[in-house]
Amino acid sequence: MNICTEEISRGNLSLGVLLDVTTLVGEELFQFGTEEQKRKWLVPIARGEKVGAFGLTEAEAGSDAGATRTTAVPDGDEWVINGTKQFITSIGLDNASIVVITARTKTRGIGKGDVINTFIVPKNSPGFTLGKKYDKMALTHSATHECIFEECRLPKDNFLGKEGKGFSQHLAALQTGRISIGACSVGLAQACFEAALKYARERVQFGKPIYSYQGVSFKLADMAMHIELARTMVLKAAWLKDNNLPHALEASYAKLYASEMCEKCASDAVQIHGGYGLMNEYPVSRYYKQCKALQIVEGTSEIQRIVISRNLG
Ligand SMILES: Cc1cc2nc3c(=O)[nH]c(=O)nc-3n(C[C@H](O)[C@H](O)[C@H](O)COP(=O)(O)OP(=O)(O)OC[C@H]3O[C@@H](n4cnc5c(N)ncnc54)[C@H](O)[C@@H]3O)c2cc1C
């Protein structure tokens with residue numbers, strides 16, 4: 001899967017991130033869903049007929065994702081959801097079927113004993129509307145919206161996983177997402193490298209292709225080496241996951257290293273293009289904007305460093 005995500009991101013990062021998000025929603029349903037939930041929601045996502053969205057971030061709960069204010073209150077055979085999730089990838093697509101959200105539930109009296117649970121919210125649920133599509137500098141093909149829940153009613157069966165474990169379930173799924181964002185980063189860095197190598201071979205200055213100057217070719221040598229290292233880190237984290245071994249640390253290593261490496265490759269690719277690097281007709285100007293998203297989504301670089309430092313013992 002991560003090899004596909006890398007290749008697709010090399011051509012179109014928005015599509016790579018779409019794959020990442022729908023995969024992590026599929027992972028959450030696979031790990032924590034009932035058989036019935038898997039049949040109903042996971043199978044169409046796994047077949048690629050439907051796309052899943054992941055609803056964690058809120059206005060006051062970004063990096064501090066546990067500060068969620070969205071509430072879920074039981075009412076007879078239903079749950080009633082109120083709150084707003086923001087920056088939700090893919091939910092605006094016509095074939096988006098569900099968003100899996102976290103919401104706070106008071107189980108043991110007002111003011112204490114709040115727990116975070118996860119819920120499967122179908123896109124056509126009463127009381128669920130989308131805010132306007134965000135106008136972004138990157139991932140412009142990705143339909144990112146606010147999700148607004150006003151007295152949104154869900155059947156009891158849409159509760160996902162275990163009572164009180166919703167936040168840790170969502171974070172476990174995010175580990176998969178971090179590996180995918182690492183793969184997206186490797187793919188975009190590879191695109192930067194290929195564009196810069198082609199340009200360096202074609203562009204002549206001082207009577208020779210600029211590739212013949214070490215100031216340029218050493219940048220390309222470093223790009224190739226760092227891309228290879230990041231790819232290996234992504235594949236190692238994916239291998240650990242596939243073998244049911246702990247991989248939180250390796251997922252954060254891969255996401256952090258690959259996304260920061262990608263930003264450096266994008267910057268060097270623009271540099272190698274000189275003034276043309278700033279022109280919209282050259283893809284590297286777009287890559288330079290795109291790469292920033294990878295250091296922010298699914299936990300910023302700072303949050304990855306927090307995860308890594310906590311795992312150092
Ligand atoms: C294009 C796009 C798509 C997205 N898609 C989704 C999605 O599908 N689902 C979803 O739930 N979310 C999504 N997000 C949200 C994304 O995960 C958050 O933007 C991200 O987690 C950061 O949260 P924030 O924007 O509130 O920044 P903040 O948390 O406000 O952070 C601002 C800055 O402060 C730093 N910071 C915060 N806390 C600390 C700390 N303790 N120590 C050091 N530094 C800190 C951050 O690293 C950052 O540099 C998306 C965002 C974007 C831009």
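Predicted model: local features only at pLDDT ≥ 70, side-chain atom pairs only at ≥ 80, totals over all residues.
## Strands around S3

Two strands count as paired here if DSSP finds at least two bridges between them. In S7, Lys85 has Cys147 as its bridge partner. That pair belongs to an antiparallel pairing of S3 with strand S7 (residues 145-155), joined by eight bridges.

S3 (residues 78-88) also runs antiparallel to strand S2 (residues 71-75), this time with five bridges. Here Asp75 pairs with Glu78 in S3. Two residues sit between the strands of this hairpin, and Gly76 takes a positive phi near 60 degrees.

## Around the ligand

S3 turns up again at the ligand: along with strand S1 (51-55) and helix H8 (301-310), it supplies at least two residues of the shell. There are 21 residues around the ligand, and the ones that come nearest are Leu56, Gly62, Ser63, Thr300 and Glu302.

## The nonpolar core

The largest nonpolar core has 84 residues, and Phe119 and Cys192 have the most contacts inside it. Helix H4 (residues 166-202) is the top contributor, giving 16 residues. Both domain 1 (2-164) and domain 2 (169-310) give residues to this core, so it lies between them.

Who does Phe119 touch, leaving aside neighbours within four places in sequence? Its contacts include Trp79 and Ile81, as well as Ala72, Leu154 and Phe159.

Conventions. Residues numbered from 1 in each chain as written. Helix = DSSP H or I, 4+ residues; strand = E, 2+ residues; numbered from the N terminus. Near = placed C-beta within 6 Å. Core = buried A, V, L, I, M, F, W, Y, C linked by C-beta atoms within 7 Å. Buried ≥ 20, exposed ≤ 12 C-beta atoms within 10 Å, placed from the backbone. Domains from an automatic or database assignment. Contact = placed C-beta atoms within 7 Å.
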